[in-house]
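Hi,

Here is the structure I said I would pass on.

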Amino acid sequence: MLHTKITNYFSDEKTASFKEEIEYARKHQIIDETRTIMEIDPAARFNDAYIERSDKETEEFLGEESAGFLNQPIHYLKQYLNEFIYIESDCFPMIHTESICLEVDDIFRTYEVMLGLKLQKKYKKGIKAYLEQELIGEIKVSLLFNQTDGLWDFNFALNNIKGFNEDLTIGEVLVLVYRFLFKLAETVEENK
């Protein structure tokens with residue numbers, strides 16, 4: 001799981017990495033305190049991301065965006081309620097997913113994250129316990145195990161994540177979501 005992924009990640013003597021990976025590797029003694037690793041700006045994590053906008057109702061492709069699109073404020077999604085944003089990144093497999101979709105719920109006007117979570121069904125209790133502990137406010141979550149794909153169809157409101165507000169950029173929201181899912185993976189692994 002995460003321990004194996006982080007061990008492999010640091011196996012090539014990296015000299016720079018992101019905060020979550022460094023802290024995990026030090027905590028679990030994958031790298032020792034004497035090894036110097038520079039921390040990379042969290043926004044840089046998604047510089048290589050594939051980003052596309054699509055219509056929510058028809059799923060029609062509306063356009064591919066560059067990394068500069070991530071500087072848009074998240075309330076872009078409230079301006080364009082008919083759109084969702086699909087994002088793929090090389091960093092997502094670390095947190096047990098391949099892609100993330102962002103949109104605004106038409107009825108509740110909450111910001112939504114949708115993804116497929118690649119964790120075994122046996123981790124249901126740990127996942128639910130983490131969500132109950134970490135999410136705030138009136139919690140809006142959908143977590144269903146998909147037998148066909150062998151992953152969790154996982155949707156949750158960004159509004160329930162500590163630190164979220166509408167002044168964040170899409171890139172900052174991705175960093176927040178990444179940290180949330182990284183901590184989920186770490187917590188589930190530690191409590192298995």
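Let me start with a strand pair: β8 (residues 141-146) and β9 (residues 151-157) run antiparallel and are joined by six bridges. (Strands pair if DSSP finds at least two bridges between them; helices are DSSP runs of H or I with at least four residues, strands runs of E with at least two, both numbered from the N terminus.) The two strands make a hairpin with four residues between them, and G150 in the turn has a positive phi of about 70°. N146 sits opposite L151 of β9.

A word on the source: this is a predicted model, where local features need pLDDT of at least 70 and side-chain atom pairs count only at pLDDT 80 or more, while totals for chains, interfaces and linings use all residues. Residues are numbered from 1 along each chain as its sequence is written, and side-chain values use heavy atoms, leaving out hydrogens and water.

Now the helices. The axes (lines fitted to C-alpha atoms over the stretch in contact, with angles from 0 to 180 degrees between N-to-C directions) of α4 (residues 124-134) and α5 (residues 170-190) come within 9 Å and cross at roughly 130°. On the α4 side G126, I127, Y130, L131 and E134 meet F180, K183, L184, T187 and V188 of α5, contact being heavy atoms within 4.5 Å.

The whole structure has twelve aromatic pairs (Phe, Tyr or six-membered Trp rings with centres within 6.5 Å; planes under 30 degrees apart are stacked, over 60 edge-to-face, the rest tilted). Y130 and F180 have ring centres 5.3 Å apart and planes at 50°, so that pair is tilted.

Cheers
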